[in-house]
Amino acid sequence: METTSTPTHCPYCALQCGMNITPLPQGGVEVTERPDFPVNRGALCGKGRTAPEVLSSAVRLTSPLVRSGGRLVPASWEEALGRIAERLGRTREQYGPDALGVFGGGGLTNEKAYTLGKFARVVLGTSQIDYNGRFCMSSAAAAGTKAFGLDRGLPFPLEDIPRTGCVILVGSNLAETMPPSLRFFSELRENGGTLIVVDPRRTKTAEQADLHLAPRPGTDLALALGLLHLVVAEGRTDEDYIRERTAGWEEARAAAMGHWPEYVERITGVSVPQLREAVRLFCEPEAAMVLTARGPEQQSKGTDTVGAWINLCLATGRAGRPLSGYGCLTGQGNGQGGREHGQKADQLPGYRKLDDPAARRHVAEVWGVDPDSLPGPGRSAYELLDALGTDIRSLLLMGSNPVVSAPRAAHIEERLRSLDFLAVCDVVLSETAELADVVLPVTQWAEETGTTTSLEGRVLLRRQAISPPAGIHSDLYVLHDLAARLGVEKGFPTDPEEVFEELRRASAGGPADYSGITYRRLAQENGVFWPCPATTGVTDEDGEDGEDGEDTVLDGLPDDPARDAETAVPAVPSVHPGTPRLFLDRFATGDGRARFVAVAHRASGEEPDAEYPLLLTTGRVVAQYQSGAQTRRVAELNAAAPGPFVELHPRLAARLGAAEGDPLAVVSRRGRAVAPARITTGIRPDTVFMPFHWPGEGRANTLTNPALDPTSRMPEFKVCAVRVEAAES
Ligand SMILES: Nc1nc2c(c(=O)[nH]1)N[C@H]1C(S)=C(S)[C@@H](COP(=O)(O)OP(=O)(O)OC[C@H]3O[C@@H](n4cnc5c(=O)[nH]c(N)nc54)[C@H](O)[C@@H]3O)O[C@H]1N2
Ligand SMILES: Nc1nc2c(c(=O)[nH]1)N[C@H]1C(S)=C(S)[C@@H](COP(=O)(O)OP(=O)(O)OC[C@H]3O[C@@H](n4cnc5c(=O)[nH]c(N)nc54)[C@H](O)[C@@H]3O)O[C@H]1N2
Ligand code: SF4
Ligand SMILES: [Mo]
């Protein structure tokens, strides 16, 4: 393992770019191109290219840490694990199981996410588990489930994009957030298709567009409804499709018709001619797509907003047809799989619902427990963090850094400090780990094997390429050991393949069915798209003689069945090829029809007023990832993106008397953040933008509003009211 090159995938975003890892004789590893992986064909962004730097012991945790005399000091694994088990056990005894909280992450592999969910329900017996994906794509997931009966971010592979006629890209800056994916959109335009970008800023992505609509933050719902109004008014609906494949059109139509173009122009700032042009570009070609990302989703009305964009697709017959559809661009490395296998407050593996008696019976049987022993649904991520120190007394956190990334972060930081006990598993000493009572250093992507599910719904094998440093253990080892210390000896294996075999059985028959997927297949194919049910029964394939058993599964596989398969019909009877394209025959609802939603525009959680007259929106820059815990430890990335900034229009800057680089204070009802001015005509004059990757004085989340979407419980990261003033330098 230590001498050859291993094909694997990037540790960061949901594109899950393929790369080769080669250990170097002098130590460390080299990343080289892996052109056979069709999504990125060898291309990587700077984060992926430099990811090995975080493997270095110069920046990572090298030993468990325990708090002693107020400071974190190195300790043995025995002492650290012993202390966690003892403190979790004590909290449970004193306050009951629901005083124990668990917080996970969409960067964790499927095996880890699955085991963490099982650990919470079976070992701790708590309902109080949720994860950072709630802050990510949960509104799109809720809207997709409502409309189509199933949430898989993209219902088609990215390779379909160049062949459609028009894409409306809503609130995605993929030129910075998934740079290698830009190729699909350039090819679309080379093929004569058009790209419409909806973003309050003229981003690098918007610069590629044929039409850029720059709505006021928080008004996408009105925009989508205004476009639907025009579709109806101009007679561009697909009546046959609406009749045959949808339900609920009359109500949705009636709700949309109140959104006159002039009214929508007033709300959004997008002119009527631009609205008409968008409708023309979207409706004229035979096929078209709408893709959303965090812009329209991270709003207190994100679910309705995505629902309105789906309405637009349904009214024009652009869903569940070749080269047409609605998709969400999921964000984290395992943002898709991480939301399917049970680390979510209301969920069991296979995307099953925790309050569904049949789902409880199925999963309880796989877990060898009584279905009645499984707790019910718990709190959503922000609500869970908000309850720390009151209802929840001890927290186990794995794969998130909420001190930087949670909304109203100063309050959440204070909640974390008020806990009786905090344990954090991480690869580096994140700002949240700094607050912990015990910190466990865990292995990273290149040092361990596991599966992730990319934004396409493609399950991938991330392979171990090197050995971890001595004294570092995996997240699975931590959960295995803690389970044993808390009295559950069995059911928490440390071998990821063993976990995956159980996950296959637990997911069998569920909406996200992985039962036909094996490590063996993943090693041979460039991923397998779920659903992929087992055609021969999962137990046949995962018996004692796993390897032998699986040979028959692989016999006769076409070269790349995933890519060849247009539908769920198996290409070879003995094996399911996976499902690259969903909904072509029917939607996953009871009657096979997609559902319109009847929604009307409403205001954001916080609108500007005399005291806070501007809008703040937040997002990302290409060289930093998320809370920056990993990427802020890479010199090249820090040189490219050294710190926070406040992006503002020259007219606003002139009013404030601010020049480029001057320190500005941005003040909201939650707090105050200071960062240098970055002046650009590419932003609306009523809006300022801050990236959220940094802690401290320039932390964007000091300002953000935790107003929650009523369905998805997504906080409103993308809009709050602020004032901006000159700060002391
Ligand atoms: N470099 C980098 N890449 C990443 C990540 C990272 O942290 N850094 N994170 C990964 C993850 S987890 C995610 S979720 C994705 C996120 O990927 P994106 O969604 O592309 O990222 P964001 O920058 O959060 O938001 C996208 C755009 O939404 C716009 N926007 C703001 N408010 C509104 C609004 O009200 N309406 C509309 N329509 N647009 C609005 C912003 O101006 C921004 O350009 O990126 C992934 N890739
Ligand atoms: N203002 C604002 N805030 C936002 C957003 C926004 O657009 N604006 N976006 C939101 C979104 S979309 C997201 S996804 C969240 C993300 O925000 P976070 O949840 O904070 O995400 P990361 O920074 O990726 O944190 C992951 C942590 O886990 C560690 N880690 C990485 N891999 C592993 C592993 O395998 N095991 C363990 N135990 N640890 C690991 C990393 O070192 C890091 O400390 O932020 C949200 N916050
Ligand atoms: S685009 Fe995403 S997956 Fe690809 S190299 Fe960059 S961070 Fe990694
Ligand atoms: Mo995300």
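This is a predicted model: local features need pLDDT of at least 70, side-chain atom pairs count only at pLDDT 80 or more; totals for chains, interfaces and linings use all residues.
1. Start with the open sheet: its 7 strands run in the order β5-β4-β18-β17-β16-β6-β7, and the pairing is mixed. β5 (71-74) and β7 (129-131) are the edge strands with a single partner each, so one side of each has no neighbour in the sheet. On average, neighbouring strands are turned by 20° against each other, direction ignored.

2. At the β5 end, β4 (residues 65-68) pairs with β5 in the antiparallel sense over 4 bridges. Arg-67 has Leu-72 in β5 as its bridge partner. Helix α2 packs on the sheet and touches β4, β6 (100-104), β16, β17 and β18, with its direction at about 130° to that of β18.

3. Helix α18 also packs on this sheet, touching β16, β17 and β18, and its direction makes about 150° with that of β16. Its buried residues include Leu-476, Val-478, Leu-479 and Leu-482, along with Asp-475 and Asp-481. Beyond the strands, the buried residues of α18 pack against α2 (77-95), α3 (110-124) and α19 (496-507). Just after the helix, Gly-487 takes a positive phi of about 100°.

4. Have a look at Asp-160, in the loop between α4 (138-148) and β8 (166-170). Its relative accessibility is 1%, so Asp-160 counts as buried. Its side chain makes a polar contact with that of Arg-581 at 2.9 Å. Leaving aside neighbours within four places in sequence, Asp-160 is also in contact with Met-289 and Leu-323.

5. Finally, ligand 3: the residues around it include Cys-10, Cys-13, Cys-17 and Cys-45, as well as Pro-179 and Pro-180. The shell divides into 9 nonpolar, 2 polar and 1 charged.

Key:
Residues are numbered from 1 along each chain as its sequence is written. Chains are lettered from A and ligands numbered from 1 in the order in which they are written. Side-chain values use heavy atoms; hydrogens and water are left out. A residue is near a molecule or strand if one of its heavy atoms lies within 4 Å of it. Ala, Val, Leu, Ile, Met, Phe, Trp, Tyr, Cys and Pro count as nonpolar, Asp, Glu, Lys and Arg as charged, and the others, Gly among them, as polar. Helices (H or I, at least four residues) and strands (E, at least two) are DSSP runs, numbered from the N terminus. Buried means under 20% relative accessible area, exposed over 50%, partly exposed in between (1.4 Å probe, protein chains only). A polar contact is a pair of N or O atoms within 3.5 Å; within protein, one must be able to donate a hydrogen and the other to accept it, and residues adjacent in sequence count only if both atoms are side-chain atoms. Contact means heavy atoms within 4.5 Å. Two strands pair if DSSP finds at least two bridges between them. Axes are lines fitted to C-alpha atoms, for helices over the stretch in contact, and angles run from 0 to 180 degrees between N-to-C directions.
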